[in-house]
Structure formats: C-alpha cells, structure tokens
Amino acid sequence: TGHRAGRAKAVSTKTGDRDRHVYGPVPLRRFGRSLGVDLVPLKTCSHDCVYCQLGRTTCKTVRRRDWVDPALIVAQVSDHLVTKPDIVAIAGSGEPTLARGVGEVIAGIKESTDVPVAVLTNGPLLGRPDVRRDLAPADIVAPSLDAPDERLFRSVHRPPR
C-alpha cells in the first residue's frame with residue numbers, strides 16, 4: 001500500500017498557496033461553516049469505509065505518529081480565522097487521532113480563539129487513555145456511530161483484522 005512515514009513536510013503559511021493542512025470554510029451539515037484541519041497524509045486511516053468520499057484507504061494503520069508540526073497547524077488555523085468559521089473541525093483526509101500532535105493542536109487553537117473545536121473521528125482509538133487525554137480539551141468529539149452490530153461494522157468500515 002502507499003504508506004508514507006515520518007513528519008509531514010512543513011509548508012509556509014506566507015506563500016499565498018492553499019495551505020496544506022487547513023482548508024475552507026466548508027459547509028458541514030451538523031456544524032455550519034467549518035474551517036477544516038487535516039493532520040494526517042491523504043487516506044491514512046484506521047478503517048477503509050465503503051462510503052468514504054475520498055476512496056480506498058491506502059495506509060490502513062492504528063499506529064499514532066508525528067505526522068505534522070502542531071505549531072505550524074495552529075499558525076495556519078490562526079491565519080484562516082479571518083474567514084470567520086462557525087467551528088474548527090479536525091477531520092480531513094484520514095483519521096485525525098492517528099496524529100500524536102492532535103492534543104497540542106487542539107490546545108493551541110483553543111488558546112488563540114473562542115471558535116469551538118470539533119474532532120470528527122471514526123473512533124477506533126477512543127479506548128486509549130492517551131487519545132482521550134488529547135481530545136479532552138475539544139468542544140465536540142464526534143465519533144462515527146453507523147453500524148448496530150459487529151458484523152455490519154466490519155463489512156462497512158473494513159477495520160484492520
């Protein structure tokens with residue numbers, strides 16, 4: 001599979017180009033105008049959900065890594081707050097709890113704005129104390145709850161075996 005390890009390449013927030021990790025605001029049905037934050041490489045996820053709008057997962061993992069520099073992400077979010085989002089949603093193109101820096105990102109955003117912070121997750125790592133500690137400062141943690149039993153969960157989400 002197309003696995004990328006290590007830190008994400010730093011991107012200057014002053015280039016005028018679209019930032020690599022922050023996008024929007026985009027409309028979210030449940031949360032309004034959302035400033036999106038992407039903490040992992042494209043299609044790095046713990047599941048390979050059949051309904052994912054981004055296609056098949058190319059790096060299926062439950063291992064947390066230092067994918068991004070939290071200070072860089074917080075700076076990019078701060079630069080984008082002029083767009084006046086209703087919420088900052090940590091979601092993006094993969095599973096955000098796979099980024100070890102997610103807690104630092106949440107804390108840094110909360111220090112710089114009163115805009116609520118949400119984490120949209122498929123929830124596979126929520127049983128881990130370190131992940132719960134990292135997500136605790138978020139205003140909203142929204143896990144996917146879309147399969148009523150284990151059989152359907154496995155057929156829809158296709159988690160690692």
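Mentor: Start with one term. Contact here means heavy atoms within 4.5 Å. Keep in mind that this is a predicted model.

Our part is helix 2, residues 102–112. Its buried residues are Val-102, Gly-103, Val-105, Ile-106, Gly-108 and Ile-109. What do these buried residues pack against? They meet helix 1, strand 5, strand 6 and helix 3. Look at the spacing in that list of buried positions. An α-helix has 3.6 residues a turn, so residues three or four places apart point the same way.

Take the helix neighbour now. Two packed helices are described by the angle between their axes and the distance between the axes. Helix 1 covers residues 70–80. It packs on helix 2 at an angle of about 35 degrees, and the axes lie 9 Å apart. The crossing of helix 1 past helix 2 is right-handed. Which residues meet there? Helix 1 brings Pro-70, Ile-73, Val-74, Val-77 and Ser-78. Helix 2 brings Glu-104, Val-105, Gly-108, Ile-109 and Ser-112. By class, this contact has six nonpolar, three polar and one charged residues. Val-105, Gly-108 and Ile-109 of helix 2 are among its buried residues, and they also take part in the contact with helix 1.

Next come the strands. Strand 5 spans 87–90. Ile-87 and Ala-89 point one way from strand 5, while Val-88 and Ile-90 point the other way. All four are buried. Strands of a sheet pair through backbone hydrogen bonds, either parallel or antiparallel. Strand 2, residues 32–37, pairs with strand 5 in the parallel sense over four bridges. There, Val-37 stands opposite Ile-90. Strand 5 also pairs with strand 6, again in the parallel sense, over three bridges. Ala-89 faces Ala-118 in strand 6. Val-88 stands opposite Val-117 in strand 6. How does the chain get from strand 5 to strand 6? It runs through helix 2, and this β-α-β crossover is right-handed.

Follow the chain onward. Strand 6, residues 117–121, pairs with strand 7, residues 140–143. That pairing is parallel and has four bridges. Leu-120 has Ala-142 of strand 7 opposite.

Last, the whole chain. It holds four helices and seven strands. From the N terminus, the elements run β-β-β-β-α-β-α-β-α-β-α. Of its 161 residues, 45% are buried. Take contacts between residues at least 6 apart in sequence: 70% of them join residues at least 24 apart.

Definitions and conventions: Residues numbered from 1 in each chain as written. Predicted model: local features only at pLDDT ≥ 70, side-chain atom pairs only at ≥ 80, totals over all residues. Heavy atoms only, no water. Axes fitted to C-alpha atoms, helices over the stretch in contact; angles between N-to-C directions. Helix = DSSP H or I, 4+ residues; strand = E, 2+ residues; numbered from the N terminus. Left-handed = near helix turned anticlockwise from the far one by under 90°. Nonpolar A, V, L, I, M, F, W, Y, C, P; charged D, E, K, R; others polar. Pairing = 2+ DSSP bridges. Buried < 20%, exposed > 50% of the residue type's maximum accessible area, 1.4 Å probe, protein only. Right-handed = clockwise from strand over helix to strand, strands pointing away.
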